[in-house]
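Visitor: I would like to learn how to read the features of a model like this one. Could you take me through it step by step?

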Amino acid sequence: MTQPPHDEPTASGPEELREQVEHTRQELGETVEALAAKTDVKARAKEKAAEVREQAAEVKEQAAIKAELAGRLLQEKAPEPVRQTAAVTARLTRDNRALLLAGGATLLLWLVCRRKR
């Protein structure tokens with residue numbers, strides 16, 4: 001016959017026995033759920049992917065803040081001619097974005113064709 005566990009007292013009556021059985025069923029159900037969660041590779045992969053996305057977003061935000069601070073510091077510390085040249089370059093880049101993209105695409109196409117030879 002089965003002996004009772006050493007850490008749990010034996011039941012003194014049928015009602016107490018039913019409560020112990022129900023308690024044991026609940027514990028067993030929780031244990032099975034925990035084991036199922038550990039073996040669910042797809043769900044664990046999704047959780048890990050969500051964590052990585054969150055970390056990447058944090059790193060991106062920190063990088064943007066650092067870049068903004070570096071830009072401000074550069075504007076404050078750079079000599080006036082450098083600031084003027086940077087402003088002109090930024091304005092030309094914004095005004096001629098299509099031309100720059102076309103030049104970049106042409107360069108990329110040239111590199112691809114050159115590599116095939």
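Visitor: Is Glu15 buried, partly exposed or exposed, and how do I read that?

Guide: Start with the classes: buried means under 20% relative accessible area, exposed means over 50%, and partly exposed lies in between (1.4 Å probe, protein chains only). Glu15 counts as partly exposed because its relative accessibility is 48%. Please keep in mind that this is a predicted model, where local features need pLDDT of at least 70, side-chain atom pairs count only at pLDDT 80 or more, and totals for chains, interfaces and linings use all residues. Residues are numbered from 1 along each chain as its sequence is written, and side-chain values use heavy atoms, with hydrogens and water left out.

Visitor: Which side chain does Glu15 meet in a salt bridge?

Guide: A salt bridge here is a side-chain nitrogen of Lys or Arg within 4 Å of a carboxyl oxygen of Asp or Glu. The partner of Glu15 is Arg18, at 3.8 Å from N to O. Helices are DSSP runs of H or I with at least four residues, strands are runs of E with at least two, and both are numbered from the N terminus. Glu15 and Arg18 both belong to helix 1 (residues 14-39), three residues apart, which is about one turn of the helix. Arg18 counts as exposed because its relative accessibility is 54%.

Visitor: How many salt bridges does this rule give?

Guide: The count is two. Arg72 and Glu68 also form one, with their closest N and O atoms 2.5 Å apart. Both of these residues lie in helix 2, four residues apart, again about one turn of the helix. Arg72 is partly exposed at 47% relative accessibility, and Glu68 is partly exposed at 44%.

Visitor: Which residues gather in a patch of negative charge on the surface?

Guide: Patches take residues with over 30% relative accessible area and no salt bridge; like charges are joined within 9 Å, and nonpolar side chains (Val, Leu, Ile, Met, Phe, Trp, Tyr) within 5 Å. Lys and Arg count as positive and Asp and Glu as negative, while His and the chain ends are not counted. Each charge is placed at NZ of Lys, CZ of Arg, CG of Asp or CD of Glu. The negative patch consists of Asp40, Glu47, Glu51, Glu54, Glu58 and Glu61. Asp40 sits in the loop between helix 1 and helix 2 and is partly exposed at 36%. Glu61 is in helix 2 (residues 41-77) and counts as exposed at 53%. Between the C-alpha atoms of Asp40 and Glu58, 18 residues apart along the chain, the distance is 27 Å.

Visitor: Which residues form a nonpolar patch?

Guide: Leu107, Trp110 and Leu111 do, with about 320 Å² of accessible area together; such areas come from the Shrake-Rupley method with a 1.4 Å probe, and for residues only the protein chains shown count as cover. Trp110 is found in helix 4 (residues 97-116).

Visitor: How many helices and strands does the chain have, and why is it more spread out than a compact globule?

Guide: The chain has four helices and zero strands. Its radius of gyration is 33 Å, well over the 13 Å from the globule rule for 117 residues, so the chain is more spread out than a compact globule. That radius is taken over C-alpha atoms, and the rule is 2.2 Å times the number of residues to the power 0.38. The C-alpha trace spans about 95 × 50 × 20 Å along its principal axes, and buried residues make up 1% of the 117 residues.
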